[in-house]
Amino acid sequence: MSSIIVYFSRKGNNYVNGTIKNLTTGNAEVIANMLQELTNADIFKIEPVIPYSSDYSECIEEAKEDKRHNARPELKSYPENMDKYDTIYLGYPNYWGTMPMAVFTFLEKYNLSGKTIKPFCTHEGSGMGSSESDIKSVCNNSDVKQGLPVHGANITKAQLEKWINL
């Protein structure tokens, strides 16, 4: 059984507990790295060719426009072979009630039929939003497990391990 952690994360200005803070590592990346320590899974970061602004206010406007246009931003790269994985841990921040549109770009690139997808989502109060149902719509022949909403990056390895084993 082979697993991969695929995630989108953004460092720079982020909304954290009611204030804007400059993060050297985005919350989803912090969790992805913890997951890798616990699972020894391969890891891949989703990176759009044109990154979102490092300024929080500009980023959320860019993300809103992407969602409004149902954009599929071009990605810098893709994993070489997704066929060898049966479990995909899929991480992202909640952008406007769902995943960043670059995550949709990634999911639509592959036939993920028969694979297990375990989503985790960082947020500041909005939980998973519609991302679980959105993943199920795109990957309708995959086994999409209940997602893990994480406020910021506030999770322990023990909590993450419990979710991994669900």
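Val 16 is buried, with a relative accessible area of 13% (buried means under 20%, exposed over 50%, with a 1.4 Å probe and protein chains only). This is a predicted model, where local features need pLDDT of at least 70 and side-chain atom pairs count only at pLDDT 80 or more, while totals for chains, interfaces and linings use all residues. Residues are numbered from 1 along each chain as its sequence is written, and side-chain values use heavy atoms, leaving out hydrogens and water.

**Around Val 16**
- You'll find Val 16 in strand 2 (residues 12-16); strands are DSSP runs of E with at least two residues, and helices are runs of H or I with at least four, numbered from the N terminus.
- Leaving aside residues up to four places away in sequence, Val 16 touches Lys 21, Leu 23 and Glu 124 (contact means heavy atoms within 4.5 Å).
- Asn 27 sits eleven residues from Val 16 along the chain, and their C-alpha atoms are 9.7 Å apart.

**The two sides of helix 5**
- Helix 5 (residues 157-164) has Leu 160, Trp 163 and Ile 164 buried.
- Those buried residues fall within an arc of 105 degrees seen down the axis, so they line one face of helix 5 (the arc is that of the directions from the helix axis to the C-beta atoms).
- On the face turned away from the buried side, Ala 158 and Lys 162 are exposed.
- The buried residues of helix 5 pack against helix 1 (27-39), strand 5 (87-93), strand 6 (116-123) and strand 8 (148-151).
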